Amino acid sequence: MIELYVTPTCPFCIKVLKAAEQMGLAEGEHYQLVDASPGSQGRLTVRNTGGKEMVPFLIDGTVSMYESDDIIAYLKSRFR
Ligand SMILES: N[C@@H](CCC(=O)N[C@@H](CS)C(=O)NCC(=O)O)C(=O)O
């Protein structure tokens, strides 16, 4: 399942989550949310996979990306 790494207060994360909601996507069904707050295991995964500590971050199998606009475009293409 798609993993979406976020922190609770990040406005770019909130933007992605709102877009996902508008697309009718549901956590647990279409994607899994992973907390990437500083010091968390999710944060380590983001850094180890993408090379930097920035959220939102998406992992879908071998695909991974930063950038909220890219993530929203990816979700749209994935669930069109
Ligand atoms: N252009 C990026 C900006 C993402 C961004 O600035 N995220 C902040 C949190 S809101 C971040 O991860 N900063 C680095 C950090 O928290 O260590 C996007 O649209 O996703």
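These exercises walk through a predicted model, each with a worked solution.

**Exercise 1. The sheet**

Task: Find which strands pair with E1, and state how they run.

Solution: 
- Start with E2, residues 31-35. E1 and E2 run parallel and are joined by 5 bridges.
- Turn to E3. E1 and E3 run antiparallel, with 3 bridges between them.
- On one side, Tyr5 stands opposite Val34 in E2. In E3, the residue opposite Tyr5 is Phe57.

**Exercise 2. The faces of H3**

Task: Determine which residues of helix H3 are buried, and why they line one face.

Solution: 
- Locate H3 at residues 68-78. Ser68, Ile71 and Leu75 are buried there.
- Look down the axis. The buried residues of H3 fall within an arc of 60 degrees, so they line one face of the helix.
- Recall the helix rule. An α-helix has 3.6 residues a turn, so residues three or four places apart point the same way.
- Look at the other side of H3. Asp69 and Ser77 are exposed there.
- Find the partners. The buried residues of H3 pack against H1, E3 (57-60) and E4 (63-65).

**Exercise 3. Exposure and backbone**

Task: Decide whether Cys10 and Glu67 are buried, partly exposed or exposed. Then describe the backbone at Pro56 and Glu67.

Solution: 
- Apply the cut-offs. A buried residue has 20 or more other C-beta atoms within 10 Å of its own, and an exposed one has 12 or fewer.
- Take Cys10. It has 17 C-beta neighbours inside 10 Å, so it counts as partly exposed.
- Take Glu67. It has 15 such neighbours, so Glu67 is partly exposed too.
- Inspect Pro56, in the loop between H2 (41-50) and E3. The peptide bond from Val55 to Pro56 is cis, with omega near 0 degrees.
- Inspect Glu67, in the loop between E4 and H3. Glu67 is not a glycine, yet its phi is positive, about 75 degrees.

Conventions: Residues numbered from 1 in each chain as written. Predicted model: local features only at pLDDT ≥ 70, side-chain atom pairs only at ≥ 80, totals over all residues. Helix = DSSP H or I, 4+ residues; strand = E, 2+ residues; numbered from the N terminus. Arc of directions from axis to C-beta. Contact = placed C-beta atoms within 7 Å. Pairing = 2+ DSSP bridges.
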